[in-house]
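Here are my notes on this model, point by point. Please read them with the structure open.

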Amino acid sequence: MDFEYSLQSRGERLIASLRLLIALGFLLVLLGLGLDPAAALRYPAGTLALLGVYALYALLLAALFWAYDRIELRSRLAVHLLDLGIFALLSFLTRGSAPPALVFFAFLLLAGALRWRWRGAVETAFAAGALYLGAGLVSGVPLGPVLAGSAWLTLLAVLLAAVSAYQQRSGREMLRIAAAPRGSLQDPDALLARLLAYVAGILEAPRVLLAWEEVDEPWLHLALRSAGGVERSREAPSAAPLVPPALAAASFLSNGAAETWYGTERGIERWHGPPVGEDLRRRFAIERVASWPVRGEIVQGRLFALDRKHLERDHLILGEIVAQRVAAELDQFYLLRQLRTSAVTEERIRLACDLHDGMLQSLTGAALQLQALAQLLESGAPGAREQLQEIQRLIAADQRDLRFFIEELKPAPRALSGPADLQNRLAELTDRIQRLWGLDVEVHLEALDGQLSEAFTRQLYRLLREALFNVARHAGASSARVEVSRRDQGLHILVTDDGRGFPFRGHYEHEELNRQKLGPVSLKERLATLGGSLVIDSCPGLTRLEMRLPTGGGVP
């Protein structure tokens with residue numbers, strides 16, 4: 001993977017830099033500080049020659065690793081073995097002198113840890129220790145000093161391996177946090193199961209308890225994850241707090257033996273007293289516990305990790321990161337639910353306005369005409385048949401409107417994911433309009449190139465539906481045409497029909513329509529929510545509605 005390759009590449013750059021620093025440092029110590037190489041070295045000329053060649057080799061590798069972002073890393077083992085060989089030769093030439101051996105040994109362990117984690121450090125330590133012991137014995141150094149030097153190297157190896165193992169463990173924890181699984185926000189039970197499983201995996205807790213309240217909602221939600229699954233409940237908030245007031249905003253951990261530590265601005269301090277409320281402790285049999293506040297924009301609560309055997313202070317920081325993730329997920333869930341509720345409410349208001357402005361007024365007119373028809377029939381005046389036919393036309397038109405409303409309220413079979421789905425849905429819409437009103441509609445989508453988001457495509461469909469519905473109901477047209485194209489980093493929509501036009505005549509820009517309160521109200525409201533504009537040219541036989549929509553941040 002590219003991420004893993006990047007880590008390896010950075011590690012090789014660090015190793016190359018340290019190798020060059022050590023090689024130049026050895027030369028500086030032997031030559032630059034006025035020391036006599038013959039006093040410390042078995043073979044002074046050979047040692048200096050070896051260090052010179054090694055310094056050039058280190059310089060070449062450092063230049064390669066820093067000059068190129070991507071180089072082949074399959075030769076890492078060969079380079080590592082070569083460094084081990086140089087270590088063995090230097091140990092022999094320096095008669096096992098402790099300072100050079102310790103420095104080079106530390107470098108080898110670090111290189112092994114960076115390349116192969118703690119296992120690399122341990123295996124390098126065994127190999128380098130054996131080479132050091134053999135080089136010392138071959139060079140004629142007494143066994144005692146050689147064993148003492150090996151002991152120092154072994155101690156250093158243990159320390160570096162422990163540090164490497166700790167860093168590897170911390171790295172795995174960070175990767176698990178960053179790789180939190182994403183899932184659907186539709187089902188609250190699935191969301192809680194996913195979140196609590198994520199928390200239990202990160203914190204290695206047998207049980208996880210999440211308690212939270214939604215802002216402005218009088219309910220306490222509880223979700224417990226254990227070996228038996230996830231149990232969820234909703235209940236009225238208790239008068240007893242979950243934790244003492246002094247710990248309400250703090251992270252804390254307790255080993256169940258009256259030893260509780262909590263985080264403050266001054267650091268980690270000890271708390272004297274029970275860390276959780278008595279009712280909560282008895283209900284969930286809480287003894288060993290770590291807890292963190294869950295603070296979101298919409299939810300407030302606490303996260304509890306229960307029954308973990310070994311609690312460390314580092315878990316306070318780790319748990320705070322996890323609790324922030326939980327709060328963000330819950331906020332997204334509730335925000336999405338609010339948006340859905342708002343969208344449903346908006347559609348209900350639009351439907352109510354359509355029914356009030358159209359069908360209910362039409363039915364009122366039909367009732368008045370029926371009353372007038374009754375008077376005509378009683379008086380025997382002519383025109384009753386024409387009056388009855390007009391009432392039949394009104395009722396038939398209302399039936400068509402009602403049938404259209406019912407079909408539009410049916411759930412869509414799929415989401416609108418782009419121009420292709422939009423084209424299909426518009427074809428279904430125009431087919432219904434043709435069946436109900438006999439209006440022929442042509443639709444042309446140009447240069448949309450599949451870059452419209454699902455939310456924007458859904459809003460665009462509703463806008464076009466509104467415009468065509470108005471034409472079918474009010475224009476008395478036989479044909480209409482819809483053109484949608486991308487222009488000037490936005491969408492240009494043109495709707496034309498051959499009907500009677502609006503009650504007003506002429507060309508009206510967006511500002512003039514708003515100032516005089518002209519044009520279709522519901523259509524203008526939809527355009528306003530999308531940040532769009534409307535221009536109308538109205539005359540008998542040809543009416544044009546020209547709409548412009550931004551495709552940037554103003555679009556939901």
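1. Terms come before anything else. Two strands count as paired if DSSP finds at least two bridges between them. Helices (H or I, at least four residues) and strands (E, at least two) are DSSP runs, numbered from the N terminus.

2. Next, the basis. This is a predicted model: local features need pLDDT of at least 70, side-chain atom pairs count only at pLDDT 80 or more, and totals for chains, interfaces and linings use all residues. Residues are numbered from 1 along each chain as its sequence is written, and side-chain values use heavy atoms, with hydrogens and water left out.

3. The overall count. The protein chain has 14 helices and 14 strands. Of its 556 residues, 42% are buried; buried means under 20% relative accessible area, exposed over 50%, partly exposed in between (1.4 Å probe, protein chains only). Contact means heavy atoms within 4.5 Å. Among contacts with a separation of 6 or more, 66% join residues 24 or more positions apart.

4. The eight-stranded sheet. Its order is β3-β2-β1-β8-β7-β4-β5-β6; the sheet is open and the pairing antiparallel. From one strand to the next, the twist averages 15°. Axes here are lines fitted to C-alpha atoms, for helices over the stretch in contact, and angles run from 0 to 180 degrees between N-to-C directions.

5. The β5-β6 end of that sheet. β5 (residues 260-264) and β6 (residues 267-271) pair antiparallel over five bridges. A hairpin of two residues links β5 to β6. Thr260 sits opposite Trp271, and Tyr262 sits opposite Glu269.

6. The six-stranded sheet. This one is open too, in the order β9-β10-β11-β14-β13-β12, but its pairing is mixed. β9 (440-446) and β12 (506-508) are at the edges with a single partner strand each, so one side of each has no neighbour in the sheet. Neighbouring strands are turned by 10° against each other on average, direction ignored.

7. The β11-β14 pair. Eight bridges join β11 (residues 490-497) to β14 (residues 543-550), and the two run antiparallel. Thr496 has Arg544 as its bridge partner in β14.

8. Helices on this sheet. α12 (residues 454-475) lies across β9, β10 (479-487), β11 and β14, at about 15° to β11. α14 (residues 521-529) also packs on the sheet, where it touches β13 (533-538) and β14; its direction makes about 20° with that of β14. In α14, Ser522, Leu523, Lys524, Arg526 and Leu527 are buried. Just after α14, Gly531 takes a positive phi of about 75°.

9. Please look at Lys524, in helix α14.

10. The surroundings of Lys524. A polar atom of the Lys524 side chain lies 2.6 Å from the backbone oxygen of Leu518. Leaving aside neighbours within four places in sequence, Lys524 contacts Leu513, Asn514, Lys517, Leu518, Gly519 and Leu534.

How values were computed. A polar contact is a pair of N or O atoms within 3.5 Å; within protein, one must be able to donate a hydrogen and the other to accept it, and residues adjacent in sequence count only if both atoms are side-chain atoms.
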